[in-house]
Amino acid sequence: MIQEWDIKPLAKSCTGCTKAFEDRQEYYTRLSDQSGNYQRSDFCSTCWAREEPVDPGYSNWNGVFRIPPAEPDRKVRKETTETILRELMEQGDPSRGEIIYILAVMLERQRVLVEQKVEDRPDGARRVIYAHRKTGETFIVPDPGIGAERLETVQQEVMHLLAPDAPPRPGSIAEPPANPPPEPTDGLGS
Ligand SMILES: [Zn+2]
């Protein structure tokens, strides 16, 4: 079973020596691929120097640990791109796969997520692995392969999620509007 959307948090202590990370300490993350499922481990520099030659993992990167870890403020109901992406990933509804992917791409352009690796599996499936710049979380997002003919529809659904109070555009969705809608500010579709 291929793993679908997932968010893996940065550990609070080193996987090797179990010492808690200190503020501003450099950490090293290793992602291992275990028959389609990712295992995340975080190490201090001492343990990583020992681990890397033995098992560099499927993908690895390093960052700086911050205390307190920046966590999304769940008390404030603010519909941001990131909040919506997290909610949809938690729900894990396969019919939302295209929207999840577009939201992740938007967050990458907003420099919230950093692409770590694009994985092409032998069966043609593709997954993108992102690191969250602030929290150090790993975001695993399957690429649904949105065709050019679907892109505008998906983008409109995304814009509606981001601005649900915006008045609906005149005309039905089935027929193209007389005037093309303005390009989304994020510049998708190029
Ligand atoms: Zn360690």
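User: Which residue of β6 is the bridge partner of Glu-119?

Analyst: This is a predicted model, in which local features need pLDDT of at least 70, side-chain atom pairs count only at pLDDT 80 or more, and totals for chains, interfaces and linings use all residues. Residues are numbered from 1 along each chain as its sequence is written. Strand β5 (residues 113–120) pairs with β6 in the antiparallel sense over seven bridges, where strands are DSSP runs (E, at least two residues) numbered from the N terminus, and two strands pair if DSSP finds at least two bridges between them. Within β6, the bridge partner of Glu-119 is Arg-127.

User: Which residue in the turn between β5 and β6 has a positive phi?

Analyst: The strands β5 and β6 form a hairpin with five residues between them. In that turn, the residue with a positive phi, of about 95°, is Gly-124.

User: How many bridges join β6 to β7?

Analyst: The hairpin of β6 and β7 has five residues between the strands, and Gly-136 takes a positive phi near 75° there. Ala-131 has Thr-138 of β7 as its bridge partner. The strands β6 and β7 run antiparallel, and the number of bridges that join them is six.

User: How many of the seven residues of β6 are buried?

Analyst: A residue is buried if 20 or more other C-beta atoms lie within 10 Å of its own, exposed if 12 or fewer, and partly exposed in between, with C-beta atoms placed from the backbone. In the protein, buried residues make up 22% of the 190 residues. Strand β6 is mostly covered, and the number of its residues that are buried is five.

User: Leaving aside neighbours within four places in sequence, which residues is Leu-103 in contact with?

Analyst: Two residues are in contact if their C-beta atoms, placed from the backbone, lie within 7 Å. Once neighbours within four places in sequence are left aside, the residues in contact with Leu-103 are Thr-81, Ile-84, Leu-85 and Val-158.

Methods:
Helix = DSSP H or I, 4+ residues; strand = E, 2+ residues; numbered from the N terminus.
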